Each structure stands twice: as structure tokens, then as C-alpha cells.
Amino acid sequence: MTITSFHPTPRTLMGPGPSDVSPRVLSALGRPTIGHLDPEFIGMMDEVKELLKYAFQTTNEFTIAVSAPGSAGMETCFVNLVEPGEKVIVCVNGVFGSRMVENVERLGGIAVVVEDQWGHPVDCDKVTAAFKANPDAKFLAFVHAETSTGALSDAKTLCQIARDNDALSIVDAVTSLGGVELRVDDWGIDAIYSGSQKCLSCVPGISPVSFGPRAVAKLEQRDSKVQSWFLDQTLVMGYWSGKGKRSYHHTAPVNSLYALHESLLMLQQEGLENAWARHAKQHQALKAGLTELGIEFIVDEAYRLPQLNTVKIPAGVDDAAVRATLLNEFNLEIGAGLGVLAGKAWRIGLMGYAARSENVALCLAALKSALK
Ligand SMILES: *Cc1c(COP(=O)(O)O)cnc(C)c1O
């Protein structure tokens with residue numbers, strides 16, 4: 001077997017992530033690799049922190065990019081904040097809420113699960129009732145934008161409920177950051193994580209994380225060591241801190257951070273609110289076209305995500321065959337249904353750089369052709 005260089009066929013990525021990466025970000029990725037303790041690189045890391053604070057709408061000093069994908073951002077929040085024996089109210093309305101339960105249980109925490117139907121948001125009344133039944137709960141964890149179903153939950157109200165009950169909030173913003181309104185400081189979010197490859201349209205493998213003052217205090221007051229050496233933020237802080245000399249913790253993904261810097265800069269140049277409006281506008285255009293094709297949405301309009309459109313596969317249509325046609329004939333990727341929605345739904349992403357008119361037009365034309 002002769003192995004040659006790998007040249008992937010360019011695709012249009014309209015699934016649940018990774019999303020389309022812009023030429024600007026790809027070109028940043030190819031710039032010369034320099035040392036991760038090079039003063040120039042450290043200066044760029046400081047800018048990444050500033051740009052992340054803007055994206056999250058926070059002044060949290062502890063705002064960094066974990067050198068690993070969104071799942072590691074999730075694990076970073078749980079492993080640093082939750083100590084064995086502590087109770088966490090975890091909202092489950094899709095795949096990622098279930099992963100949060102796994103995180104809590106694996107580190108010896110007690111998960112109190114509040115379940116909601118797939119395709120529905122987290123029910124705030126159920127969360128209030130869970131706190132009444134569990135006054136000793138120290139955390140509330142939920143997914144802001146459930147990528148497995150396309151439902152948006154009311155993060156502002158949920159974080160207020162956590163505060164009213166003296167609990168810290170842990171929020172999954174992997175799909176929401178950059179795509180829909182998210183205000184870490186105004187909403188009183190204590191710990192939040194995201195991912196690089198959804199609405200930030202960067203390459204996969206980096207997870208922005210931010211801890212507010214209450215989360216940092218909890219971390220500093222821990223009795224036990226954080227189980228994970230790599231994710232222990234008391235050690236990572238020295239690596240990302242702007243003051244004094246940086247110490248070696250691990251080798252940052254140097255070029256991927258150039259890419260993140262560029263994608264965050266693009267977001268800042270566009271303006272966060274303009275980016276939210278663009279996602280909403282392209283969602284409306286996609287919705288109009290899908291309706292013409294007779295394709296229905298699964299999630300109610302009141303809490304539907306613009307960046308992740310979950311639609312019913314029309315009766316009699318071969319799910320795999322249509323997706324294969326889209327990929328092979330149109331170089332277009334859309335997402336399959338996950339979990340209870342497998343075989344029943346498609347997930348059409350309009351994330352970040354993918355939320356553009358030409359993508360919407362391509363997707364509608366390709367679906368029309370594939371459905372014939
Ligand atoms: C994609 C996603 C994750 C996991 O991110 P990875 O980068 O795949 O590890 C977590 N939560 C949500 C809501 C996601 O959409």
C-alpha cells in the first residue's frame with residue numbers, strides 16, 4: 001500500500017459541528033509554529049483571553065481556552081468544582097445532559113436528575129422543586145443549547161434559581177456561544193464551557209472555559225486535590241495568567257490557538273449582537289425553504305435554536321440514502337438524529353461561518369434534488 005498526502009474533498013459543513021471554517025481561520029492555522037513560551041505567543045494568548053471575555057460577555061479574570069475539545073471543558077468544570085459526596089442537580093433533556101450525569105457520578109458526586117422530554121427546554125419549575133426537595137444541593141448543571149435536539153433553555157432564569165438556592169451554576173454553552181444571546185455576567189453564570197468548532201467556526205480541539213468569582217472561591221476552598229492532573233485549573237492558571245513569568249504546564253496547541261484567535265477576532269469585528277442576528281436571519285431563510293419542501297421542525301418555535309435545526313425526515317424517505325446523496329453529489333454534510341431521534345430526524349446546522357445565504361441556498365437545492 002502506498003500512502004500519499006491526505007487531501008480531503010472540501011465539504012460544506014451543516015451538521016452539529018464541526019462547522020465550516022473560514023479561509024481566514026484556515027490561513028491563520030498555517031502560520032509558522034513558534035514556542036509556546038515565546039513572548040510573542042504569550043502576547044497572543046493574552047489577546048485570546050480578552051477576546052474570549054468579549055464572546056462570553058464577562059469580566060472574569062479566569063477565562064481561558066482548555067487544550068482539548070468541548071467534552072474536556074465539561075469535565076474541567078465538574079472535576080474542579082464538585083467534590084466527592086456533593087450534590088448536583090443535573091438537567092437532562094438530551095445527550096449532553098446525560099454526559100453531565102456521567103461526569104458527576106464518576107467523580108463521586110451525587111447527581112439529582114431533572115428530566116425533560118427530548119426537544120423541550122429544561123423546565124424551570126421542576127428545577128425549583130428539585131432544590132426544595134434537595135436543599136443541600138450545591139450545584140445546578142444544564143445545557144444552554146442542546147445540540148442533540150435543537151432546544152434552547154432559559155439560562156438566565158435557571159442561573160437565578162441556582163443563586164436563590166445558594167448553588168453554583170455550571171452551564172454548557174458549546175453550541176450557544178456566538179450563535180444566540182449569552183451573557184455570563186448579567187445572567188450570573190458561575191462556570192461555563194464551550195467548544196471551538198460550533199458557532200465560533202474554528203477547528204475542533206479547544207474548549208473556552210470561564211469561572212466567575214464564586215467558582216474560583218469554591219476551587220480555592222477545596223479539601224481534596226482535583227482528581228485530574230491535566231485539568232486541575234489551580235495548575236493551569238499559572239500557565240494562562242497574564243502576570244509574572246509563565247510556567248510550563250503542558251504544550252499548548254500553538255497553531256490551533258492562532259486559529260481560535262482569528263475566529264474570535266472575526267466575531268469581535270462582526271459584533272456579537274450582529275452575529276446572533278445573522279444566525280436568526282439565516283434560520284428564517286432556511287425555515288421558509290424547508291416549509292416549501294414540506295419538511296417540518298421537531299422543536300417548537302418558542303425555544304428553537306437558529307443554529308441547529310432539527311427536522312422530521314418525511315415519511316417514506318430513506319435517511320441514510322439522502323444524507324449519502326448530499327455528501328457525494330453536493331459535498332454537503334448534515335447531521336443524523338441522535339439517541340431517540342436516530343432515523344427520525346435530520347439536524348441541519350447553521351453555525352458560525354456556515355450561517356450564510358449561499359449555504360442555505362445550497363442546502364435547500366440539494367435537499368430538493370435528493371428527495372426526488
Ligand atoms: C459538541 C458538544 C459537546 C462536546 O464537544 P466536543 O468538542 O465534541 O467534545 C458538548 N456539549 C454540547 C451541547 C455540544 O454540542
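This is a predicted model: local features need pLDDT of at least 70, side-chain atom pairs count only at pLDDT 80 or more; totals for chains, interfaces and linings use all residues.
Trainee: Got it. What else does the side chain of Ser 148 reach?

Mentor: The side chain of Ser 148 also reaches the backbone nitrogen of Val 95, at 3.0 Å.

Trainee: And where does Ser 148 lie?

Mentor: Look in the loop between β6 (145-146) and β7 (151-152).

Trainee: Is Ser 148 buried or exposed there?

Mentor: Ser 148 counts as buried, because its relative accessibility is 0% and the cut-off for buried is under 20%.

Trainee: OK, new topic: the ligand. Which residues are around the ligand?

Mentor: There is a whole set of them, including Pro 69, Gly 70, Ser 71, Phe 96, Thr 147, Asp 172 and Lys 198. Sorted by type, the shell has 5 nonpolar, 5 polar and 2 charged residues.

Trainee: Which ligand atom does the side chain of Thr 147 lie 2.3 Å from?

Mentor: An oxygen atom of the ligand; the atom on the Thr 147 side is a polar side-chain atom.

Trainee: How much of the ligand does the protein cover?

Mentor: The protein covers 88% of the 380 Å² of accessible area that the ligand has on its own.

Trainee: Nice. Let's switch to rings. How many aromatic pairs are in the whole structure?

Mentor: A search of the whole structure finds 2. One of these pairs is Phe 62 with Phe 211, which is tilted: the centres are 5.0 Å apart and the planes make an angle of 40°.

Trainee: Where do those two sit in the chain?

Mentor: Phe 62 is in strand β2 (residues 62-66) and Phe 211 is in strand β10 (residues 207-211). That puts them 149 residues apart, so the pair links distant parts of the chain. Phe 62 is buried, at 6% relative accessible area, and Phe 211 counts as buried at 1%.

Trainee: Which rings have a charged Arg over them?

Mentor: Arg 304 lies over the face of Phe 297, at 4.1 Å from the ring centre. The charged end of Arg 356 sits over the ring of Tyr 353, at 3.8 Å from its centre.

Trainee: Last one, the backbone. Where is a cis peptide bond?

Mentor: Check the step from Gly 17 to Pro 18, where omega is near 5°. Pro 18 lies in the loop between β1 (12-14) and α1 (23-29).

Trainee: And which residue other than glycine has a positive phi near 50°?

Mentor: That's Asn 331, found in the loop between α11 (319-330) and β12 (332-336). Asn 331 is partly exposed, with a relative accessible area of 26%. Ser 201 also has a positive phi, near 55°, but Ser 201 counts as buried at 5% relative accessibility.

Notes
Residues are numbered from 1 along each chain as its sequence is written. Side-chain values use heavy atoms; hydrogens and water are left out. A residue is near a molecule or strand if one of its heavy atoms lies within 4 Å of it. A polar contact is a pair of N or O atoms within 3.5 Å; within protein, one must be able to donate a hydrogen and the other to accept it, and residues adjacent in sequence count only if both atoms are side-chain atoms. Accessible areas come from the Shrake-Rupley method with a 1.4 Å probe; for residues, only the protein chains shown count as cover. Ala, Val, Leu, Ile, Met, Phe, Trp, Tyr, Cys and Pro count as nonpolar, Asp, Glu, Lys and Arg as charged, and the others, Gly among them, as polar. Rings of Phe, Tyr and Trp (its six-membered ring) pair if their centres lie within 6.5 Å; planes under 30 degrees apart count as stacked, over 60 as edge-to-face and the rest as tilted. Helices (H or I, at least four residues) and strands (E, at least two) are DSSP runs, numbered from the N terminus. Buried means under 20% relative accessible area, exposed over 50%, partly exposed in between (1.4 Å probe, protein chains only). A charge sits over a ring if NZ of Lys or CZ of Arg is within 6 Å of the ring centre and within 35 degrees of the ring normal.
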